[in-house]
Amino acid sequence: MEKTTITNTNVANKSERVYSLDALRGIMMLLGLVIHCGITYGSGNYGTAWSLKDPKNNSMLFDIIVSFIHSFRMPVFFVTSGYFAALLFYKKGPQPMIANRVKRILFPLIVSVLIVWPMILMAFVFSKAAFADAPDPFHIAWS
(Lines give C-alpha, C1' and ligand atoms only; values in the text may rest on other atoms or scores of the structure.)
Protein backbone atom coordinates (compact mmCIF):
# COMPACT_ATOMS: atom_id res chain seq x y z
CA MET A 1 0.00 0.00 0.00
CA GLU A 2 1.08 3.45 -0.84
CA LYS A 3 1.52 6.00 1.93
CA THR A 4 -0.15 9.28 1.11
CA THR A 5 0.60 12.56 2.77
CA ILE A 6 -1.93 15.30 2.82
CA THR A 7 -0.62 18.81 2.41
CA ASN A 8 -2.69 21.89 2.32
CA THR A 9 -1.14 25.10 1.10
CA ASN A 10 -4.02 27.12 2.56
CA VAL A 11 -3.17 26.18 6.14
CA ALA A 12 -1.37 29.11 7.76
CA ASN A 13 2.00 28.65 9.33
CA LYS A 14 1.87 28.59 13.15
CA SER A 15 4.04 31.65 13.50
CA GLU A 16 2.35 33.61 10.74
CA ARG A 17 0.89 36.89 11.97
CA VAL A 18 -2.78 37.65 11.31
CA TYR A 19 -2.40 41.17 9.94
CA SER A 20 -6.10 41.66 9.35
CA LEU A 21 -6.82 41.30 13.08
CA ASP A 22 -3.99 43.72 13.88
CA ALA A 23 -5.55 46.20 11.47
CA LEU A 24 -8.98 45.65 13.00
CA ARG A 25 -7.59 46.32 16.47
CA GLY A 26 -5.90 49.50 15.21
CA ILE A 27 -9.11 50.75 13.62
CA MET A 28 -11.03 50.12 16.84
CA MET A 29 -8.40 52.07 18.77
CA LEU A 30 -8.75 55.02 16.38
CA LEU A 31 -12.53 54.88 16.80
CA GLY A 32 -11.84 55.38 20.51
CA LEU A 33 -10.59 58.87 19.62
CA VAL A 34 -13.87 59.55 17.82
CA ILE A 35 -15.86 58.34 20.83
CA HIS A 36 -14.01 60.48 23.34
CA CYS A 37 -14.22 63.60 21.18
CA GLY A 38 -17.89 62.92 20.51
CA ILE A 39 -18.69 62.57 24.22
CA THR A 40 -17.20 66.00 24.86
CA TYR A 41 -19.43 67.63 22.25
CA GLY A 42 -22.52 65.46 22.74
CA SER A 43 -25.66 66.66 24.46
CA GLY A 44 -26.00 63.68 26.82
CA ASN A 45 -24.89 63.79 30.44
CA TYR A 46 -22.30 61.12 31.20
CA GLY A 47 -21.95 62.15 34.85
CA THR A 48 -18.61 61.38 36.44
CA ALA A 49 -17.67 58.90 33.71
CA TRP A 50 -16.82 61.81 31.40
CA SER A 51 -17.17 65.15 33.14
CA LEU A 52 -15.60 67.21 30.35
CA LYS A 53 -18.30 69.03 28.34
CA ASP A 54 -18.24 71.96 25.97
CA PRO A 55 -21.13 74.13 27.22
CA LYS A 56 -21.48 76.10 23.97
CA ASN A 57 -21.14 73.54 21.20
CA ASN A 58 -22.98 70.27 21.60
CA SER A 59 -25.22 68.20 19.39
CA MET A 60 -27.28 65.06 19.60
CA LEU A 61 -25.56 63.87 16.41
CA PHE A 62 -22.42 63.22 18.48
CA ASP A 63 -24.44 61.11 20.93
CA ILE A 64 -25.76 58.99 18.05
CA ILE A 65 -22.26 58.51 16.65
CA VAL A 66 -20.89 57.59 20.11
CA SER A 67 -23.72 55.10 20.72
CA PHE A 68 -23.28 53.49 17.32
CA ILE A 69 -19.51 53.05 17.63
CA HIS A 70 -19.73 51.92 21.25
CA SER A 71 -22.27 49.22 20.33
CA PHE A 72 -19.63 47.21 18.44
CA ARG A 73 -16.22 48.57 19.48
CA MET A 74 -15.82 46.91 22.87
CA PRO A 75 -17.20 43.52 21.75
CA VAL A 76 -14.66 43.54 18.90
CA PHE A 77 -11.89 44.20 21.43
CA PHE A 78 -13.05 41.29 23.59
CA VAL A 79 -13.22 38.88 20.64
CA THR A 80 -9.78 39.81 19.28
CA SER A 81 -8.30 39.74 22.78
CA GLY A 82 -9.72 36.26 23.36
CA TYR A 83 -8.40 35.08 20.01
CA PHE A 84 -4.88 36.32 20.65
CA ALA A 85 -4.90 35.04 24.26
CA ALA A 86 -5.99 31.57 23.11
CA LEU A 87 -3.36 31.62 20.37
CA LEU A 88 -0.68 32.49 22.90
CA PHE A 89 -1.96 29.88 25.37
CA TYR A 90 -1.91 27.04 22.84
CA LYS A 91 1.39 28.13 21.34
CA LYS A 92 3.41 28.62 24.55
CA GLY A 93 1.42 27.17 27.45
CA PRO A 94 -0.16 28.70 30.56
CA GLN A 95 2.91 29.93 32.50
CA PRO A 96 4.65 31.68 29.58
CA MET A 97 1.31 33.19 28.61
CA ILE A 98 0.82 34.67 32.09
CA ALA A 99 4.42 35.96 32.11
CA ASN A 100 3.83 37.53 28.69
CA ARG A 101 0.60 39.21 29.84
CA VAL A 102 2.30 40.58 32.98
CA LYS A 103 5.16 41.96 30.90
CA ARG A 104 2.99 43.40 28.14
CA ILE A 105 -0.10 44.53 30.09
CA LEU A 106 0.50 44.86 33.84
CA PHE A 107 3.87 46.66 33.73
CA PRO A 108 2.77 49.26 31.13
CA LEU A 109 -0.42 49.81 33.15
CA ILE A 110 1.57 50.56 36.29
CA VAL A 111 3.93 52.89 34.45
CA SER A 112 1.08 54.72 32.73
CA VAL A 113 -0.79 55.19 36.01
CA LEU A 114 2.30 56.78 37.54
CA ILE A 115 3.32 58.91 34.55
CA VAL A 116 0.37 59.48 32.23
CA TRP A 117 -2.44 59.83 34.80
CA PRO A 118 -1.22 63.20 36.18
CA MET A 119 -1.00 64.53 32.61
CA ILE A 120 -4.55 63.35 31.91
CA LEU A 121 -5.82 65.11 35.03
CA MET A 122 -4.01 68.28 34.01
CA ALA A 123 -5.52 68.09 30.51
CA PHE A 124 -9.03 67.74 31.98
CA VAL A 125 -8.54 70.74 34.30
CA PHE A 126 -7.09 72.80 31.42
CA SER A 127 -10.00 71.92 29.10
CA LYS A 128 -12.63 72.70 31.73
CA ALA A 129 -11.00 76.06 32.42
CA ALA A 130 -10.76 76.82 28.69
CA PHE A 131 -14.44 75.91 28.17
CA ALA A 132 -15.34 78.22 31.09
CA ASP A 133 -13.40 81.08 29.41
CA ALA A 134 -10.93 81.38 32.30
CA PRO A 135 -8.25 84.02 31.68
CA ASP A 136 -5.25 81.66 32.03
CA PRO A 137 -6.34 78.00 31.75
CA PHE A 138 -2.78 76.66 31.64
CA HIS A 139 -1.90 78.34 34.95
CA ILE A 140 -5.05 76.92 36.53
CA ALA A 141 -4.22 73.43 35.25
CA TRP A 142 -0.59 73.66 36.38
CA SER A 143 -1.57 74.70 39.90
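Predicted model: local features only at pLDDT ≥ 70, side-chain atom pairs only at ≥ 80, totals over all residues.

Mentor: Residues are numbered from 1 along each chain as its sequence is written, and side-chain values use heavy atoms, with hydrogens and water left out.

Trainee: What is a salt bridge, and how many are there by this rule?

Mentor: A salt bridge is a side-chain nitrogen of Lys or Arg within 4 Å of a carboxyl oxygen of Asp or Glu. The count here is two.

Trainee: Which residue forms a salt bridge with aspartate 22?

Mentor: Arginine 25 does, with the closest N and O atoms 3.0 Å apart. Helices are DSSP runs of H or I, at least four residues, numbered from the N terminus.

Trainee: What do buried and exposed mean?

Mentor: Buried means under 20% relative accessible area, exposed over 50%, and partly exposed in between (1.4 Å probe, protein chains only). Aspartate 22 is buried at 19%. Arginine 25 is partly exposed at 30%.

Trainee: Which residue meets lysine 56 in a salt bridge?

Mentor: Aspartate 133, at 2.8 Å from N to O. This pair links distant parts of the chain, 77 residues apart. Lysine 56 lies in the loop between α1 and α2, aspartate 133 in the loop between α3 (94-131) and α4 (137-142). Lysine 56 is exposed at 55%, and aspartate 133 is exposed at 53%.

Conventions. Helix = DSSP H or I, 4+ residues; strand = E, 2+ residues; numbered from the N terminus.
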